[in-house]
Amino acid sequence: MAAETCIECDVAIVGAGFAGALIANELGKARKKVVILEAGDPVPPNINDFMRRFYMAPAKVPESPYTPEVFDAAGNLSDPSKMNAGRPTVLSLLRKGGFGDWTDPKQSYLIQKGPRPFASTYDRLAGGTAHWLGTCLRFVPADFRMKTNYPSVPQFVDWPIGYDDLNDWYGKAEAELGVSADLEEQKFLGIHFPDGYKYPMPKIPRSLVDVAVSDALRSLTENETKFLEMERPPTEIRVRSLPAARNSQPYKNRRACAGNTNCIPICPIQAKYDPTITLNEALETGHVEILDRHVANEIVVDPLGFLAGRRYTCYCGRSVIGSVLCRDCAQEMADYFKANHHVVIRSLSRGL
Amino acid sequence: MSHLPYPRPKSIAQGKKEDEMVGAFTRRTVLAGAAAATAAMSVGAVDSPASAQTRQDMILFVLLSGALTGIAEAKLAPGFRAVPSLTDIDLEKSEPGSDPVDIKQEYFNWVNKKRQATLRRLLQITKDSPKSSDRSQAIIDKVQATPDTKYLARSIVLMWYLGAWYDPDNLRALAELPNPPAKASSFEVISPKAYTQGWALRVAQAHPMGFSEMQFGYWARPPSPRTDFIGN
């Protein structure tokens, strides 16, 4: 899109990741006009191409199914400065290894100067949640009061909100993603649920390994484990099924998990939630548009237009490094909202 | 899918005819979300069979593969049936297999394209091996007699187990050179279908990552015995 082109919409969202997808879908259902700027490729109608890429990949790592391809035909890492919107690969973590060198900016998308590399990856379309495990643990109430609970640790902060503020929202998120869990099992360390709450699906059955570990824990004695200084007998440790955004029965037109053992990098039957599901739903509302291969590199806020709630204008054009600019934009917007006494919502993105 | 490496529940598995299995496969493919199957199958198109290949060649290729991999022929090539004759297997009456996945054809084409002459020798060795309980050992012994046949046989074993191609010259370099070049350990995945049909994890009573033919909750039960997977 040329820089002079102007698109008018109610809400512009930078990045078609987990949060962007959910927000776009809710707004689309409310008939708001939404434009998502996404640095990566278009949302595919199904995951067949992702599966083909995964099956053909010689090294099956978290990002294997997804684009852009960062290796050239000879198997060498492409120069990130020659790609529009590149990304890191965990394969370059092996320093001087067979797959590239994370210390070389001609090979590594992330410029890293520390002694250790960023030991993960993140993706464009659908974000890192394209290849997540589906783990949907709620925070426990104490997580929101870390400074109060552990005053000796200067890094800890208290949240401006607490568990009870989020209780209903957890429920909405669990319904959207389709979480399988056992309510009674999840009531630990103060986690509680609204009256009558039910997880969308029953828990995922425990694996043989789960059962073996559970049995082993029960058979341990105080004497065998006192070196751990746990202050309570290990026999009290319970092995629970992880709440997972993975279908234990058909849910929202998606199948039950068939144990493909492949949540990361990709569930071949989409029994595990990923944001392309919500993105496709959002597109189906008819009010959401995704501009793929668009990197937001400047956000121009029109205060009058925004405050009037009618117009939000953004310009996009030259591609640089999307994620860094997104972070800058987030700060800029945060400052703006703060100055205007609006609620500030920041996304907690693993990649930034 | 008729080549399931694990037993179906007895009540369902018994008495199934091949065409019913084909039907099951089609339904599975059509079911919403069966992307694994469709991705694997649709992209798995291969070159047209080499003109030289006969039905007999395919029977010999499956017999050779069974001997080299230790996996039952009817598991490698569902529907495979060796009809005995007075002296040996009747290659005219035997059935090379009829499964819709047909990975054997893709593998035959692949090897035939890469190493046609040596493949011919391997098939001849298979044909010349006597009918007996130690047919497999006889094939293995003869295959090892020359480096060409020995290392192509290794490539074929790796192909069946991993769905990937390790060039026989590279395998020879790895085995025989004191300092093999780094590229000697390189390989290529033959096709999406080949990856999904690899035997390495089925021998371990499991399945390739991202291609489960099992059902919800199987992880809570002990796996079926290995013989159910590999047929031997």
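Let us begin with chain B, where helix 9 (residues 147–162) and helix 10 (residues 168–176) have axes that come within 8 Å and cross at roughly 105 degrees. Helix 9 of chain B is therefore roughly perpendicular to helix 10 of chain B, a term for angles of 65 to 115 degrees. Axes here are lines fitted to C-alpha atoms over the stretch in contact, with angles from 0 to 180 degrees between N-to-C directions. Helices are DSSP runs of H or I, at least four residues long, numbered from the N terminus.

This is a predicted model: local features need pLDDT of at least 70, side-chain atom pairs count only at pLDDT 80 or more, and totals for chains, interfaces and linings use all residues. Residues are numbered from 1 along each chain as its sequence is written, and chains are lettered from A and ligands numbered from 1 in the order in which they are written.

From helix 9 of chain B, P147(B), Y151(B), L152(B), R154(B) and S155(B) meet P168(B), L171(B) and R172(B) of helix 10 of chain B. Contact requires C-beta atoms, placed from the backbone, within 7 Å.

I turn to the two chains together. Their contact takes 26 residues from chain B and 28 residues from chain A. On the side of chain B, helix 3 gives the most, with 6 residues. That side divides into 19 nonpolar, 7 polar and no charged residues.

Finally, confidence. Over residues 304–329 of chain A, pLDDT stays under 50. Where pLDDT is low, the predicted coordinates should not be read in detail.

Definitions and conventions
pLDDT is the predictor's confidence in each residue, from 0 to 100. Two residues are in contact if their C-beta atoms, placed from the backbone, lie within 7 Å. Helices (H or I, at least four residues) and strands (E, at least two) are DSSP runs, numbered from the N terminus. Angles under 35 degrees count as roughly parallel, over 145 as roughly antiparallel, 65 to 115 as roughly perpendicular and the rest as oblique. Ala, Val, Leu, Ile, Met, Phe, Trp, Tyr, Cys and Pro count as nonpolar, Asp, Glu, Lys and Arg as charged, and the others, Gly among them, as polar.
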